[in-house]
Amino acid sequence: MITIRPATPEDAESIAAIYNAATKHTSNNQSWNVTIATANLVVAEIDDRLVGFGGLDFESVTPLKWLYVTPGSQRTGIGSMLLEKLETVARSAGLRSLRLHAAPDALSFYLQHGYGEVPVDEKHSHDHEGVEMTKDLDK
C-alpha cells in the first residue's frame, strides 16, 4: 500500500538519495533537514521504504519545487498521488494556480495533469534546462 505523508527529519537520507539519483547532483542530509523544516515536503512510502517525494516553496515564483520518484516506482501512479497531494496543500494555502519548472523529460507528465507552458513574456529565468508550466487550481 502506498502512503503519502508529511516528511520528517528521519526521511532526510532517503530524500537525498532519491534526489541525487534523479538529478545527478549531490545533496546532503543536512540540506534536506533544513528543507523539511521550512518547506511543505511530502513523501510516498511503500512498506516503510520511501519511493518518492515532493514539495512546495511558497516564497518562490515556481512554488512546486520538487517532485521525484525512484526509477523503479515511476509510471505506477506515485508521482500523480504526490502531485495531487501538493495541489491540495497549495489550494489550502490559498493559491489559485500552481507554477513549476519541469525537467524536459517530465513535460508529458505535467501536460497529462493539466499543466500548460507559461507564455514567453511571463517566464522567469532559471539556472537549468526545463519548461516553465502552470495550472489553474480553480478548475
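Residues are numbered from 1 along each chain as its sequence is written, and side-chain values use heavy atoms, with hydrogens and water left out. In this predicted model, local features need pLDDT of at least 70 and side-chain atom pairs count only at pLDDT 80 or more, whereas totals for chains, interfaces and linings use all residues.

The protein contains 4 helices and 7 strands. Helices (H or I, at least four residues) and strands (E, at least two) are DSSP runs, numbered from the N terminus. Along the sequence, the elements follow the pattern β-α-α-β-β-β-α-β-α-β-β. The C-alpha atoms fill a box of roughly 40 × 30 × 30 Å, taken along the principal axes. The radius of gyration is 14 Å, which agrees with the value near 14 Å for a compact globule of 139 residues. This radius is taken over C-alpha atoms, and the globule rule is 2.2 Å times the number of residues to the power 0.38.

Of the 139 residues, 41% count as buried. Buried means under 20% relative accessible area, exposed over 50%, and partly exposed in between (1.4 Å probe, protein chains only). The accessible surface comes to about 8100 Å², and 49% of this belongs to carbon and sulfur atoms. Areas come from the Shrake-Rupley method with a 1.4 Å probe; for residues, only the protein chains shown count as cover. Among contacts (heavy atoms within 4.5 Å) with a separation of 6 or more, 58% join residues 24 or more positions apart.

Helix α1 spans residues 12–23. Its 12 residues reach 16 Å from first C-alpha to last, close to the 16 Å expected at 1.5 Å a residue. The expected span is 1.5 Å times one less than the number of residues. Ala12, Ile15, Ala16, Ile18, Tyr19, Asn20 and Thr23 are the buried residues of α1. They pack against α2 (29–38), β2 (40–46), β3 (49–56) and β4 (64–69). Lys24 follows α1 and has a positive phi, near 65°.

In α2, the buried residues are Trp32, Thr35 and Ile36. They fall within an arc of 100° seen down the axis of α2, so they line one face of the helix. The arc is that of the directions from the helix axis to the C-beta atoms. An α-helix has 3.6 residues a turn, so residues three or four places apart point the same way. On the other side of α2, Gln30, Ala37 and Thr38 are exposed. The buried residues of α2 pack against α1, β2, β3 and β4.

Helix α3 covers residues 78–92. Its 15 residues should span 21 Å at 1.5 Å a residue, and its end C-alpha atoms are 21 Å apart, which agrees. Buried in α3 are Ile78, Gly79, Leu82, Leu83, Leu86, Glu87 and Ala90. Gly94 follows α3, with a positive phi near 95°.

The whole structure holds 7 aromatic pairs. Rings of Phe, Tyr and Trp (its six-membered ring) pair if their centres lie within 6.5 Å; planes under 30 degrees apart count as stacked, over 60 as edge-to-face and the rest as tilted. The ring centres of Tyr19 and Trp32 lie 5.2 Å apart with planes at 65°, so this pair is edge-to-face. The pair links Tyr19 in helix α1 to Trp32 in helix α2, 13 residues apart. Trp32 and Trp66 also form an edge-to-face pair, 6.1 Å centre to centre with 70° between the planes. This pair links helix α2 to strand β4, across 34 residues. Tyr19 and Trp32 are buried, and Trp66 is buried as well. Ring pairs link Tyr19, Trp32, Phe53, Trp66 and Tyr68 into a cluster.
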